Amino acid sequence: KIIILDFGSQYTQLIARRVRELNVYCEIHPFNHLPEFDESVKGIILSGSPYSVRQDDAPQVELSQFHNQYPVLGVCYGAQYFAHYSGGEVIPSTIREYGRANLQYIDDSHALLKNIPEGSQVWMSHGDTISSIPDDFEVIASTDTVRVAAYHIKESKTYGIQFHPEVTHSSDGKQLLENFLVDICGCSQDWTPDSFVESTIASLREKIGTDKVVLGLSGGVDSSVAAVLLHKAIGPNLHCIFVDNGLLRKDEFEQVLDSYQHMGLNVRGINARDRFISQLTGIKEPEQKRKIIGRVFIEVFDDAAHEVQDVKWLGQGTIYPDVIESVSVKGPSATIKSHHNVGGLPDFMKLKVIEPLNTLFKDEVRKVGRALGIDDIILSRHPFPGPGLAIRILGEITAEKVAILQEADAIYINNLKTSGWYDKVWQAGAIFLPVQSVGVMGDERTYENVICLRAVGSVDGMTADWSHLPYELLAKISNEIINNVKGINRVVYDISSKPPATIEWE
Ligand code: XMP
């Protein structure tokens, strides 16, 4: 594996994704929590950083722990750090070095530069520059304005590059990373979804033995893939629990339960609709709704889990970005909504936690799901919030509003699917607004509810832009909703991006 030491750069996760795309397993570790360097480590990448090496509070790491023992690639700050602490000089650049530049070779005999053409475009993003290097360093590439764009430390497998190979604007960045991983570190590029499935099933079997595991299924990608992996490892000793909180999409509980059963999972569906809705009566405040739903879920789940005798483990679908977030250099980012709470269920369940996906990125979870033969209907589903339609009904929730919203949402989503837009959109849903407006149907004036349609493009939900759905499609959906869903006389489309808006309305 490759270890990526994170100095807090916004691009660190991107480095990891590129490495994995080259079928090499890697892990991100914060610079101040170094992992064990054992024989499984093939090389180390030092990330960039928002800090300057000249700052007193800049992140520090003891280079002698790995320099000359493992191949090292320093990227941006990582490169400057090596130069600075080896006797070179790093100074603020006189011209700001952001954006595109082109490499000119000093020496193309180095493995790091194999198959990268002269003039190759690279992406710069740095305020400091390496102005002089120690004697045992050699410059291997420059650009018009940056003399030390890439260096090699003589007699070693340590390299530094000032540009960012991980961003797509560096046109040969992937080749450079592959050169480092394969030619310099000797990685074998055999980390694939299939190999992950095989080795994970083996290690789950070994770890769990004949113990029983309970796992809460949500219908989403992560919990479904985690369940199928565990099921392949331990069969019916995995007890899945799928709770119907009455706030799912129309017919979703039945359909998803059915597909889980078809996959052979040992799954129990629990209808807890009344328990949720009765607790939500009269509650208007979004965070309070979330807390109630979270609490009732735990109660229902706990009751169901107690019915499984002698259970030892709690399975969870936690994925890698959640793990990185909770140990990152900067610490967990400020909580904006109470849902960003990694860790899931509270301690009182007293079970050991098993998280088979906690080394995977979202797109890798999907690939693993495909390797496991999970139906694309589950793998390509849009994200859906845990509190479900409760946060898509603004203000107080009633069974009637839920039913209206389910109908309107089903019309919306079906139209996205039949028009081919479902897969082009990252997330979509209908929202029940807390206003009524005047309309006219036949000879009568109406005073009814408004449904808002939301559809966004995004990568990870952190930022999002509204999807430019065709007018004709919006017109068709609007007509169908108003003509078929009693209680709705107006449909609007949300054209706000995140930030400053959020994806959900509550
Ligand atoms: P926002 O509205 O914060 O949403 O832009 C970002 C992503 O998070 C989802 N979301 C939630 N997921 N519990 C969840 O499990 C919640 O309380 C919750 N609130 C928002 C939202 O659907 C989007 O994908």
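Visitor: What should I look for in the hairpin of strand 17 and strand 18?

Guide: Look at the turn. Five residues lie between the strands, and G461 takes a positive phi near 85 degrees. There is another hairpin to look at, formed by strand 16 and strand 17: it has two residues between the strands, and G442 takes a positive phi near 65 degrees.

Visitor: How many bridges hold strand 16 and strand 17 together?

Guide: Strand 16 (residues 427-441) and strand 17 (residues 444-458) are antiparallel, with 12 bridges between them.

Visitor: Which residues of helix 8 are buried?

Guide: First the general idea: an α-helix has 3.6 residues a turn, so residues three or four places apart point the same way. In helix 8 the buried residues are K289, R290, I293, F297, V300, F301, A304 and A305. Because they cover an arc of only 130 degrees around the axis, they lie on the same side of helix 8.

Visitor: What do the buried residues of helix 8 pack against?

Guide: Their partners are strand 11 (212-217), strand 12 (238-244), strand 13 (267-271), helix 7 (273-280) and strand 14 (311-315). The face turned away from the buried side carries the exposed residues E287, Q288, R295 and H306.

Visitor: Which residues does UniProt list for "active site"?

Guide: The unreviewed UniProt entry lists C76, H164 and E166. Although they are spread over 91 residues of sequence, they cluster in space, with a largest C-alpha distance of 11.3 Å.

Visitor: Where does C76 lie, and is it buried or exposed?

Guide: C76 lies in the loop between strand 4 (72-75) and helix 2 (77-85). C76 is buried, because 24 other C-beta atoms lie within 10 Å. Setting aside neighbours within four places in sequence, C76 is in contact with G48, H126, Q162 and H164.

Visitor: And where is E166 found?

Guide: E166 is in the loop between strand 10 (158-161) and helix 3 (173-184). With 25 C-beta neighbours inside 10 Å, E166 counts as buried. Beyond four places in sequence, its contacts are Y11, L14, I15, R18 and G173.

Visitor: For contrast, why does P35 count as exposed?

Guide: P35 has 12 other C-beta atoms within 10 Å, so it is exposed; the cut-off for that class is 12 or fewer. P35 is placed in the loop between strand 2 (26-30) and strand 3 (43-46). Not counting residues up to four places away in sequence, P35 touches I3 and H29.

Visitor: How should I read the chain as a whole, and where should I take care?

Guide: The protein chain has 13 helices and 19 strands, and buried residues make up 38% of its 506 residues. Its C-alpha atoms fill a box of roughly 85 × 60 × 40 Å along the principal axes. On confidence, the chain averages a pLDDT of 92, and 95% of the residues score at least 70. Residues 331-343 need care: their pLDDT stays under 50, and the model has 13 contacts for them beyond four places in sequence. Where pLDDT is low, the predicted coordinates should not be read in detail.

Conventions
Residues numbered from 1 in each chain as written. Predicted model: local features only at pLDDT ≥ 70, side-chain atom pairs only at ≥ 80, totals over all residues. Pairing = 2+ DSSP bridges. Helix = DSSP H or I, 4+ residues; strand = E, 2+ residues; numbered from the N terminus. pLDDT = per-residue confidence, 0-100. Contact = placed C-beta atoms within 7 Å. Buried ≥ 20, exposed ≤ 12 C-beta atoms within 10 Å, placed from the backbone. UniProt positions renumbered as here; feature names shortened; annotations may be inferred. Arc of directions from axis to C-beta.
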